Amino acid sequence: VQLQACGGGLVQAGGSLRLSCAASGSIVSINAMGWYRQAPGKQRELVAHIIYGGTTNYAGSVKGRFTISRDGAKNTVYLQMNSLKPEDAAVYYCCAYSLRNDYWGRGTLVTVSS
C-alpha cells in the first residue's frame, strides 16, 4: 500500500486547510485510515481516524474543528481543518490500517501563523 498525502501549507490562525491522502496498491486489505501529527519535540499523536464502515474518532483537541472523510471511489481520505490554531502546526501523516499492517505516507507540513 502506498499513501500520497498533500495539502499542507502556511495558514493564518483561524484559517482552514484540507489535507488529502490517496491510497494505492493492495488497498483491498485496508479497513481504516487516519491522520496523525507530530510537532517538533513532541510525540506523534492521533488526530483522527475513520473506519470503512463510517465510524470516526477524533482527538479531543481537534473535535469540532477537524473533519475526516473518505471518498471510496478515489481511495482517498481527507482531513478538513478549520479554525486552525498555532498549536495545530505539525507534520501531518496519513496512515492506513489492515488487519496485519499499518502503512504510513510521507508527512505534509502544516504551519499556522499567529
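Predicted model: local features only at pLDDT ≥ 70, side-chain atom pairs only at ≥ 80, totals over all residues.
Residues are numbered from 1 along each chain as its sequence is written, and side-chain values use heavy atoms, with hydrogens and water left out.

**Exercise 1.** Find how many helices and strands the chain has.

Solution. Helices are DSSP runs of H or I with at least four residues, and strands are runs of E with at least two. Counted in this way, the chain has zero helices and 11 strands.

**Exercise 2.** Identify which residues of the largest nonpolar core touch the most other members.

Solution. Begin with the term: such a core joins buried Ala, Val, Leu, Ile, Met, Phe, Trp, Tyr and Cys residues through side-chain atoms within 4.5 Å, where buried means under 20% relative accessible area with a 1.4 Å probe, protein chains only. The core has 29 residues, of which M33, W35, L79, M81 and Y92 touch the most other members. Among the strands that each supply at least two residues of this core are β4 (32-38) and β8 (76-81).

**Exercise 3.** Decide whether R65 is buried or exposed.

Solution. First locate R65, which lies in the loop between β6 (56-58) and β7. R65 counts as buried because its relative accessibility is 11%.

**Exercise 4.** Determine which rings the charged end of R44 sits over.

Solution. The criterion requires CZ of Arg, or NZ of Lys, within 6 Å of the ring centre and within 35 degrees of the ring normal. The charged end of R44 sits over the ring of Y93, 3.8 Å from its centre, and also over the ring of W104, 4.8 Å from its centre.

How values were computed. Buried < 20%, exposed > 50% of the residue type's maximum accessible area, 1.4 Å probe, protein only.
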